[in-house]
Amino acid sequence: MTYQDYTHDMQRCTRCSYCKWIPYRYMKSTDFMEGCPSLARYNWHAYSASGKFNIAYSLLKDRIEIDETFLDVLYHCQMDGSCDVSCKVQQDLEPLQLMQELRIKCVEEGQLLPVHMLVIEGLRKEDNMMQALKADRGKWTEGLNTKDLSSESAEVVYHAGCRYSYDEELKSIARAGLTLLRDAGVDIGIMGTEEACCGGRAYELGYAGELTKYAEHQIETLRTAGVKTLVTPCADCYAAFKVLYDKIDKKPEMEVFHITQYIHRLIEEGKIRFTREVPVTVTYHDPCHLGRLGEPWIHWQGKETKAMGPMIIHDPPKKFRRGANGVYETPRDILKAIPGLRFIEMYRIKEYTWCCGAGGGVIDTHPDFAVWTGAERLKEAHAVGAEAIVSACGWCKRNFLDAAAESDDDIEVYDIIELVQKAM
Amino acid sequence: MKLAEEEYKALQNIVGSEYITREPVILDTYNQVWGNAFFFDEKHSVRPAAVLLPVNTAEISEIVKVCNKYGILFKPFSSGFEYLSLSLANTRGILLDLKRMNQILEIDAKNMRAVVEPYVSVYRLQMEAAKHGLYTGRIGVGYSAGVIAAECCHHGCQHTMVFTSGYGRNTLGVEWVLPTGEILNMGSGESGDLFSADGPGFSLRGILRGRTGANGGHGVVTKASVKLYPWYGPTQWEQTKKPGEPPSFGQLEKVPDGYKVFVPSFADLDTTLEASEELCRAEILCAFGIGIIGTAQIQEGNDEEWAAMQKARQSFDPAGGISVANSVVCVIGGQSAGELEYKEKCMRAITEKWDGSFSEQFNESRALARAFADIMWSNGVNLRATGDFLPSSSSPDGSPAMLKNLALKEGEVKKRYEESGAFLSMGGGRMVSWRPEEHLSIGAQGISTAQYDPYDPASLAAAREFIDELFDPKSPFKRYGVPSRGGCLQIEPVTHIHQNWGPLYDNYDVYLRKIKRMLDPNTVADWTAYIPPEYPDYAKDGDYVLPSYGKEEDI
């Protein structure tokens, strides 16, 4: 696909502005109705999904060029997909896919942001997005006596992902996740220094080639290792393995789980039992990549046709990804099963959740915007009376920690693995 | 045409560099809105010379003064979601995006009114007002539409007007930046609390909005005090869906306590209209819909909608005699069980008198809950089916007899276009639906939607032909008053409504233009969705003529 393939969508964006809000049906608080961090922070219509349709159409019509402002608008966006869900309540349009194609076009034309160039250079050299050394990749497992699947074999590979592998404050969570699966009897190992980035974040920046490269790499190395199942604590990695690889026809021949799904299964099998009380009032933040962006890819090939006069339909019928089939209930079920834990929902949840702020490369290019977005979420957590916010993604936890520090917020920030660990 | 550096700097000095832009990338997101293909043959209308994000009345006043000084057109908007909402007559024009003015300043529960800024949406006010047991009427274009746009600047009509009256009649007072930059408070007394549009200060409601709203052609309403009405439901509500269901499936589990919904069906259109008149006059309704009932599950997309339609057609029993076109939605509400019981009895008695019945399909509990949400709140507008629609007639405040005539005749015209394949055909002969005002005591507005595809040349051509036909002053419709459309905007740039209809109705257009000239001596408030001080195009007796202005120049 190219951005031009979305001409129909560009023309038919009506400027209804629903992409700026969560769907009205689910609005519960007038203080927390907005869905698009970019528009909420920067105000100009261009920053909304509708605005992206508009700039794409103007580009197509040679009315504008890709310039500094264009890149500023395009990359001040977490690609979190809130707009996509809201738009699709009313329309059969694909705002998120258009944004993705615009980013790919920018990269193809060499219209790059300096920070991205640094990050991608690091990725190409060291196979991670953290500008860290490849040789240090598996160090987070030191002392765990873990199987290294580059030389040993196991049923399940634990893919920690770049953030958990290198972030000093998150390494312990990666360890805890691996330990609790292993203690539950799972035959599990890691790829150690051979674990490479999933390529998902690079793809979101517009580097489509990197996704293909890493998808092929993962498929080959994991096949060689004889792995049947992949478990990751990282929502971004989950979406890459589960959704993006499929999107580019590189679907791996293995089961892909987010760690919450695997823990849930182990709880149901009685292999994980909660024995300790965790007396905390906690709210759950849906990571975008586990929720709406974690919805399986739907392949479709066909043509647009008409019915009942000018009504636009598809032959064969086209199923749109509307966000409903992400992983939403599983982490909630886990939290609700923890003794002593009081679970409360925020106003914007599941398909229409507010982003943590880290996505789409924003944490690298515009950290102030990432922190602002995260702080907005923390306000919402406070508004519902939560003492703690828990998520299921390293990027979310990182950004919430930064947002809390920046705004002098004493809210506790957890990864769901930490709460599971506390309860065992 | 770009602004001169001096002009741009003058504007920048008012709002600060963060809140003004002349970047083409951003400007070109302020000239693409639905309907543009219909009006201008292109999705892009004029690219503004600059866009500003003012934060308060003082800034707007200063901006307007600069516009007067340099002869710059300006146009304000809130959500910007309407035909011609972003159109400018020429490229020496700026837009004022009022997004930063987004406060509900006051909810005065005792006096049943609210004071809001321009970016406050109707649905947001509905949510806040409910906490006080109060309500503001629904607006048709959905939950991003602003209260001030609806009540002070624009024309719209909706199903709750039977209870809450038309939008224009709910304005109690405004803070208004005139096209000269002067700030006028109307409706305020010494207390300054914006309470009555008819005094103790100036009574200017008619001039402020006229019949169909000036749509920015009269300056900027920066604050408005609007009437609120009783809300009998809960202070909060929740629409839910099952996991895995698409977001469009979210709905209330039942009609909220304090309300009841009924969908009676009648034998034919004549009977439906007679019964409707009586139902409306009984002063029992909080909302009323005819021909559009909102009981059906909203499908997730066009393909699913089409599949559902086919299924419904297969199971349709023509002998059953129940159709959407001959069914009406009645929402009643009350503060007590007794009040509800009384209103229900009235509704049932009238239905019985006209041999109406309550079909199971339309009166199932969850279907009624869907109808309630659809008709009471500002949900989304459906542009998905074809990409655009024409709110085709919207005759103003017509008598029931006139509306009946209109309903029958326009229905026939529309059917012709539907049968040609140019317009969406839902089957069943949908008619012009009524939006009665104040229990029909001041008439009703009629509106039908013709859904066409603006990017299908044949469909677009048919849409223009259809409008020509409807707005031909020599047509047999015999409307009363000034016709309007396009979300009830004047369509002056296209079919020369004012030129053609003015002479038929007391030369109203002469007075309208006089008012425009008086309020806006330098013609700086953009008139493309209102009336120009002088007609720039030759009137063609209703023929569709693309305007020579408002179109984008070569970039």
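Visitor: How is chain A divided into domains?
Guide: This is a predicted model. In it, chain A has domain 1, made of 3-111 + 274-423, and domain 2, residues 116-268.

Visitor: What separation do the centres of the two domains of chain A have?
Guide: 23 Å, taken over C-alpha atoms.

Visitor: What share of chain A is buried?
Guide: 59% of the 424 residues.

Visitor: And what share of the contacts comes from residues 24 or more positions apart?
Guide: 78%, counting contacts in chain A with a separation of 6 or more.

Visitor: New topic. How many residues are in the largest nonpolar core?
Guide: 295 residues. B:Leu285, B:Cys330 and B:Val331 have the most contacts inside this core. Helix H12 of chain A, residues 235-247, gives the most to it, with nine residues. The core also draws at least three residues from each of domain 1 and domain 2 of chain A.

Visitor: What does B:Val331 touch?
Guide: Leaving out residues up to four places away in sequence, its contacts are B:Tyr259, B:Val261, B:Leu285, B:Cys286, B:Ala287, B:Phe372, B:Ile375 and B:Met376.

Visitor: Over to the sheets. In what order do S12, S14 and S15 of chain B form theirs?
Guide: S12-S15-S14, as an open sheet with antiparallel pairing.

Visitor: Why is one side of S12 and S14 left without a neighbour?
Guide: S12 (259-262) and S14 (285-290) of chain B stand at the edges. Each has a single partner strand, so one side of each has no neighbour in the sheet. Neighbouring strands are turned by 10° against each other on average, direction ignored.

Visitor: How many bridges join S12(B) to S15(B)?
Guide: Four, and the two strands run antiparallel. S15(B) covers residues 328-333. B:Tyr259 stands opposite B:Gly333.

Visitor: Which helices pack on that sheet?
Guide: Helix H9 of chain B (269-281) touches S14 and S15, and its direction makes about 165° with that of S14(B). Helix H13 of chain B (365-376) touches S12, S14 and S15, and its direction makes about 85° with that of S15(B).

Visitor: What about S8(B) and S9(B)? How do they pair?
Guide: In the antiparallel sense, over four bridges. S8(B) is residues 171-177 and S9(B) is residues 183-186. B:Val174 has B:Met186 as its bridge partner. The hairpin has five residues between the strands, and B:Gly181 takes a positive phi near 100° there.

Visitor: Last one. Where is B:Met426?
Guide: In the loop between helix H14 (400-419) and strand S19 (433-436) of chain B.

Visitor: Why is B:Met426 classed as partly exposed?
Guide: It has 16 other C-beta atoms within 10 Å. Partly exposed lies between the exposed limit of 12 or fewer and the buried limit of 20 or more. The C-alpha atoms of B:Met426 and B:Met309 are separated by 8.5 Å, although the residues are 117 apart along the chain.

Key: Residues numbered from 1 in each chain as written. Chains lettered and ligands numbered in written order. Predicted model: local features only at pLDDT ≥ 70, side-chain atom pairs only at ≥ 80, totals over all residues. Contact = placed C-beta atoms within 7 Å. Pairing = 2+ DSSP bridges. Core = buried A, V, L, I, M, F, W, Y, C linked by C-beta atoms within 7 Å. Domains from an automatic or database assignment. Axes fitted to C-alpha atoms, helices over the stretch in contact; angles between N-to-C directions.
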